[in-house]
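User: I want to go through the labels used for this fold and see what each one rests on. Please set each value against its cut-off.

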Amino acid sequence: MANAAVWYGLFAVLLLCYLAIQLTVKDRRRYFIYFLAGAVFGFYFDIFSFANGYYSYPDFYKLTLFGLPVSMTLAEGFSVAITIYLYEFIRTRLSARKSTAA
């Protein structure tokens, strides 16, 4: 069974990570677009799964849109932006390591 404190704790961690990324990158607009794309696509796929009854959400989500928790949609957007940041961070570190080794 889902626990509200665990979910909102995870949401807060994702939000703080996303805000930290926004404070450290030069191109904030690009990461905001990543966030929006993740939220929109996440909502799009979730609404069809939810409407077809593949899964449901517990009652502790207060703010919903068409039955989907808004916090879930926002968390999906945060996760996409965080994942892209981590990918680029690791890629640049590895490419820098290869160029110094050569």
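**Labels and their grounds**

Analyst: Glu88 sits in helix H3. The model is a predicted one.

User: What makes Glu88 count as buried or exposed?

Analyst: Its relative accessibility is 17%. Buried means under 20%. Glu88 therefore counts as buried.

User: Which residues does Glu88 touch, leaving out those up to four places away in sequence?

Analyst: Glu88 touches Arg30, Tyr31 and Tyr34.

User: Why are the rings of Tyr31 and Tyr34 called a pair, and of which kind?

Analyst: Their centres lie 5.2 Å apart, and the limit for pairing is 6.5 Å. Their planes stand at 90°. Over 60 degrees counts as edge-to-face, so the Tyr31 and Tyr34 pair is edge-to-face.

User: How do you know how many helical turns separate Tyr31 and Tyr34?

Analyst: Both are in helix H2, three residues apart, so about one helical turn separates them. An α-helix has 3.6 residues a turn, so residues three or four places apart point the same way.

User: What burial labels do Tyr31 and Tyr34 get, and why?

Analyst: Tyr31 has a relative accessible area of 2%. That is under the 20% cut-off, so Tyr31 is buried. Tyr34 has 21%.

User: What makes the rings of Trp7 and Tyr61 edge-to-face?

Analyst: A search of the whole structure gives 17 aromatic pairs. In this one, the ring centres are 6.1 Å apart and the planes are at 70°. The cut-offs are within 6.5 Å for a pair and over 60 degrees for edge-to-face, so the label holds. Trp7 is in helix H1, while Tyr61 is in the loop between H2 and strand E1 (64-65). Trp7 and Tyr61 are both buried. Ring pairs also draw them into a cluster, whose members include Phe11, Tyr18, Phe35 and Phe78.

User: Which residues have the most contacts inside the largest nonpolar core?

Analyst: Trp7, Tyr61 and Phe78 do, in a core of 19 residues. Helices H1 (4-24), H2 (28-51) and H3 (70-101) each supply at least two of its residues. Beyond four places in sequence, Phe78 touches Phe11, Leu14, Leu15, Tyr18 and Phe35.

User: How do you know that the buried residues of H1 line one face of the helix?

Analyst: The buried residues of H1 are Trp7, Phe11, Leu14, Tyr18, Ile21 and Gln22. Viewed down the H1 axis, they fall within an arc of 100°, so they line one face. On the other side, Ala5, Val6, Leu16, Leu23 and Thr24 are exposed.

User: What makes Asn3 a cap for H1?

Analyst: A side-chain oxygen of Asn3 lies 3.1 Å from the backbone nitrogen of Ala5, at the N-terminal end of H1. The limit for a polar contact is 3.5 Å.

User: Why is Met72 called buried, and which residues is it in contact with?

Analyst: Met72, in helix H3, has a relative accessible area of 18%. The cut-off is under 20%, so Met72 is buried. Leaving aside neighbours within four places in sequence, Met72 contacts Trp7, Asp46, Tyr57 and Tyr61. Met72 and Phe11 are 61 residues apart in sequence, with their C-alpha atoms 8.2 Å apart.

Key. Residues numbered from 1 in each chain as written. Predicted model: local features only at pLDDT ≥ 70, side-chain atom pairs only at ≥ 80, totals over all residues. Heavy atoms only, no water. Core = buried A, V, L, I, M, F, W, Y, C linked by side-chain atoms within 4.5 Å. Buried < 20%, exposed > 50% of the residue type's maximum accessible area, 1.4 Å probe, protein only. Helix = DSSP H or I, 4+ residues; strand = E, 2+ residues; numbered from the N terminus. Contact = heavy atoms within 4.5 Å. Arc of directions from axis to C-beta. Polar contact = N/O pair within 3.5 Å; in protein donor to acceptor, adjacent residues only side chain to side chain. Phe/Tyr/Trp six-rings, centres within 6.5 Å; stacked < 30°, edge-to-face > 60°.
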